[in-house]
Amino acid sequence: MSKKPDFIGTRVRQIRRSKGWTLDTASRQCGVSAVMLGKIERGEASPTIQTLWKLATGFRVPLTTLIEPEPRAIELATPDQTNAIEEEKGAMMACPLFAYDPIQNYEMFWIRFAPGCRHASSAHDQGVVELVSVIAGTLQIELPERTVIVHPGEAARFSADVEHTYENIGDTDCEVYDQIFY
């Protein structure tokens with residue numbers, strides 16, 4: 001097992017303490033139990049992506065703030081599976097490419113969806129926009145008011161402050177770049 005839970009736990013504790021919050025206060029703000037927060041901070045639990053999003057939303061920080069070191073002046077990004085977040089029993093893998101950039105209010109992920117994978121994402125903060133570019137496969141994005149199908153070489157931009165769902169409707173892996181603008 002990698003040291004990812006320890007790194008995430010350390011980062012969660014740093015953020016919580018910088019706000020002067022107790023575990024109970026953080027629990028109320030983030031919608032994650034105080035017991036689970038304590039386990040995450042001690043590196044005893046590896047949070048799911050849904051839990052990470054709840055923490056990021058509650059702390060009002062970008063997701064990559066919890067899982068990546070500070071950005072460098074220049075860097076080449078490749079999907080690093082050692083920092084991957086897996087969901088849907090391994091059918092979805094998200095790898096941070098660029099951690100949150102406070103000047104651009106931006107972060108970027110490479111995501112792979114196995115055939116048939118369906119992943120629901122909770123609403124992000126008001127004003128957050130996602131830009132999803134499909135590299136391979138076919139991705140369906142469902143929003144409350146509209147559903148779109150995105151093919152290789154195409155991209156979709158949408159307000160991510162509503163619940164949204166991604167689904168690989170093809171019979172091969174679907175790979176995307178997901179850029180999040182805060």
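The model is predicted: local features need pLDDT of at least 70, side-chain atom pairs count only at pLDDT 80 or more, and totals for chains, interfaces and linings use all residues. Residues are numbered from 1 along each chain as its sequence is written, and side-chain values use heavy atoms, with hydrogens and water left out.

**Exercise 1.** Determine how many disulfides the whole structure holds, and state whether Cys 174 is buried or exposed.

*Solution.* Step one: a disulfide is a pair of cysteine sulfur atoms within 2.5 Å. A search of the whole structure with this criterion finds 0 disulfides. Step two: for Cys 174, the nearest cysteine sulfur belongs to Cys 117 and is 9.5 Å away. Step three: buried means under 20% relative accessible area, exposed over 50%, and partly exposed in between, with a 1.4 Å probe and protein chains only. Cys 174 has a relative accessible area of 0% and is therefore buried. Cys 95 is likewise buried, at 0%.

**Exercise 2.** Locate Arg 60 and Lys 89, and describe the phi of each.

*Solution.* Step one: most residues other than glycine have a negative phi. Step two: Arg 60 has a positive phi, near 60°, and Lys 89 has a positive phi, near 55°. Step three: helices (H or I, at least four residues) and strands (E, at least two) are DSSP runs, numbered from the N terminus. Arg 60 lies in the loop between α4 (49-59) and α5 (63-67), whereas Lys 89 belongs to the loop between β1 (85-87) and β2 (92-101). Step four: Arg 60 is exposed at 63% relative accessibility, and Lys 89 is exposed at 89%.

**Exercise 3.** Describe the surroundings of His 124.

*Solution.* Step one: His 124 is in the loop between β4 and β5 (129-136). Step two: its relative accessible area is 7%, so His 124 is buried. Step three: contact means heavy atoms within 4.5 Å. Leaving aside neighbours within four places in sequence, His 124 contacts Trp 53, Glu 130, Ala 160, Asp 161 and His 164.
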